[in-house]
Amino acid sequence: MIKNIIGTNDFIEFLRGKSATFLLAVSNTKTADIEGITQAGIPGKIYLTPTLDSEFLTCGEVRSLESIAETPKGVPTPALLTRATHLLKPFSNIEILNLGLQVAPKVDYFKTHNFSISASGDISSLANIDAMDVFKKGLDFGQNFECKDEYIILAESVPSGTTTAAATALALDYNCKEMFSSSFKDVPNDIRNKTIQSALSSIKESDDIFSRLSKVSDNMLIFTAGFILGLNNQAKVILAGGTQMACALLIVNSILKQMQGHLETSNLALCTTKWVYEDEKSDIEGLLKLNDLKINAYYADFDFKESSNGALKLYDEGEAKEGVGAGASLAYALLNGISKEELTKKIESLLG
């Protein structure tokens, strides 16, 4: 039920039955304000998506809006899948990493880490990130984070994050055009490509890694790269996501190459959904193979074939695909003995 993308299955099998801390990294990029570039949420209110995802995952309801975020085609947020997992086999802890939200989630009791990071700008006219500062905050958080469980699941909710990830990897000179996924089945390539080309036109050959990241990246990617290096293999981590998390690894790779450094990665893995792995318009395996780091990567072999719900069936048709740690959460449920049928029923019940 959990299949390899690259590497071996030893890492994921070791986690069978083990407890996890779930970290949700949330931020806004003004890139999401470009009309038609993303469907990760409600048109005109896309900036609320990570806020609503945080509220729904932790408390089972949205508090900053009347209803749960869904796309114009009616695809509900992948937070449903992660919430269903949490109800069937609770994560030991859920903590929110606020990496630059326009609206903070209305959540009590659940620990929220605030890093005084502002939402980033539209990459087509400069993201205006202090990348070194964000990276150092991630590094410091990783060095000081005490995992009270057997492993960490690090997830994200960043609308337009695949666009900023594609721009980031290209700005770092990786040959990865057409490798990044999208929340759409039919990727709005014209809008996306124009945005990425505008972003890349600001890059000068003399720009170092952090100058490039400051111009075209997003806070989650940069912070995650710092967090991975800060942890330094001292705790087991699953990067819960698809091509965005693969991009965070490419940032780590670029920094290590520049520093001529080495990172032991035996405690580091990536886990995504079947929808990302099987997406013909992206290439998660190809992205991971661009990396010099030895990484184990997996996908949860889960779909909605057993569901009669039309909104959920849209996932199988290629809409949405990943987010809020959906793939790693499904894997966590499967590793803890929850069946595909139980998961499907629980997810359907959350839609009412």
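Helix 10 (274-277) and helix 12 (310-316) each contribute at least two residues to the lining of the largest pocket. Helices here are DSSP runs of H or I of at least four residues, numbered from the N terminus. The model is predicted, and local features need pLDDT of at least 70, side-chain atom pairs count only at pLDDT 80 or more, and totals for chains, interfaces and linings use all residues. Residues are numbered from 1 along each chain as its sequence is written, and side-chain values use heavy atoms, with hydrogens and water left out.

The largest pocket has a volume of about 270 Å³. Of the 14 residues lining it, W275, E278, D316, E317 and G318 are the closest to its centre. The lining divides into two nonpolar, one polar and 11 charged residues, where Ala, Val, Leu, Ile, Met, Phe, Trp, Tyr, Cys and Pro count as nonpolar, Asp, Glu, Lys and Arg as charged, and the others, Gly among them, as polar. Pockets and cavities are found on a 1 Å grid over the protein atoms alone: a cavity is a set of points where a 1.4 Å probe fits but cannot get out, a pocket is an open set with protein on both sides within 12 Å along at least five of seven lines, and lining residues have an atom within 4 Å of a point. Grid points are joined across faces, edges and corners, and a volume is the space filled by probe spheres set on the points.

By class, the lining of the second largest cavity has seven nonpolar, four polar and one charged residue.

The helix packing may be considered next. Two packed helices are described by the angle between their axes and the distance between the axes. Axes are lines fitted to C-alpha atoms, for helices over the stretch in contact, and angles run from 0 to 180 degrees between N-to-C directions.

Helix 9 (residues 243-259) takes part in a pairing with helix 7 (residues 209-216), in which the axes come within 11 Å and cross at roughly 155°. Helix 7 and helix 9 are therefore roughly antiparallel, a term for angles over 145 degrees, whereas those under 35 count as roughly parallel. I209, F210 and L213 of helix 7 make the contact with I251, S254, I255 and Q258 of helix 9, contact meaning heavy atoms within 4.5 Å. This contact comprises five nonpolar, two polar and no charged residues.

Helix 5 (residues 161-171) also packs against helix 9, at an angle of about 30° and with the axes 9 Å apart. Helix 5 and helix 9 are therefore roughly parallel to each other. The contact joins G161, T162, A165, T168 and A169 of helix 5 to T243, Q244, C247, L250 and I251 of helix 9.

Key
Angles under 35 degrees count as roughly parallel, over 145 as roughly antiparallel, 65 to 115 as roughly perpendicular and the rest as oblique.
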